[in-house]
Amino acid sequence: MARVVVDVMLKPEILDPQGQAVQRALPRLGFEGIADVRQGKRFELEVEGPVDDAALARIQEMAETFLANTVIEDFTVRVDS
């Protein structure tokens, strides 16, 4: 079986309160030098059969309609080797 990864992140212009909370906490925990934190989601899909252009197109459609809110999020689809 092949694995396809869909990474979903907030668009750069959208505020990320969770990422900001992590960024503020890092220095208190002894982790200095981090300028920005953005939090996202990662989906790992185990695909039955070959991951051809048709399968990738179907996963792209799934990401666009179900996994990501494309109004506020961007996503990438890649085959994990």
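Mentor: Happy to. A salt bridge here is a side-chain nitrogen of Lys or Arg within 4 Å of a carboxyl oxygen of Asp or Glu. Please keep in mind that this is a predicted model, where local features need pLDDT of at least 70, side-chain atom pairs count only at pLDDT 80 or more, and totals for chains, interfaces and linings use all residues. Residues are numbered from 1 along each chain as its sequence is written, and side-chain values use heavy atoms, with hydrogens and water left out.

Let us start with the network: salt bridges link Arg3, Asp7, Arg42, Glu44, Glu46, Arg78 and Asp80. Strands (E, at least two residues) and helices (H or I, at least four) are DSSP runs, numbered from the N terminus. Glu46 is partly exposed at 43% relative accessibility, and Arg3 is partly exposed as well, at 31%. For these words, buried means under 20% relative accessible area, exposed over 50%, and partly exposed in between (1.4 Å probe, protein chains only).

Also in the network are Asp80 and Arg78, which form a salt bridge with their closest N and O atoms 3.6 Å apart. Asp80 has a relative accessibility of 27% and counts as partly exposed; Arg78, at 35%, is partly exposed too.

Now turn to helix 2. There, Glu61 forms a salt bridge with Arg58, the closest N and O atoms being 2.8 Å apart. The two are 3 residues apart in helix 2 (residues 53–67), and so are separated by about one helical turn. Glu61 is partly exposed at 41%, whereas Arg58 is exposed at 55%.

Stepping back, a search of the whole structure finds 8 salt bridges. The protein has 2 helices and 3 strands, which follow the pattern β-α-β-α-β along the sequence. Buried residues make up 25% of its 81 residues. Finally, among contacts (heavy atoms within 4.5 Å) between residues at least 6 apart in sequence, 72% join residues at least 24 apart.
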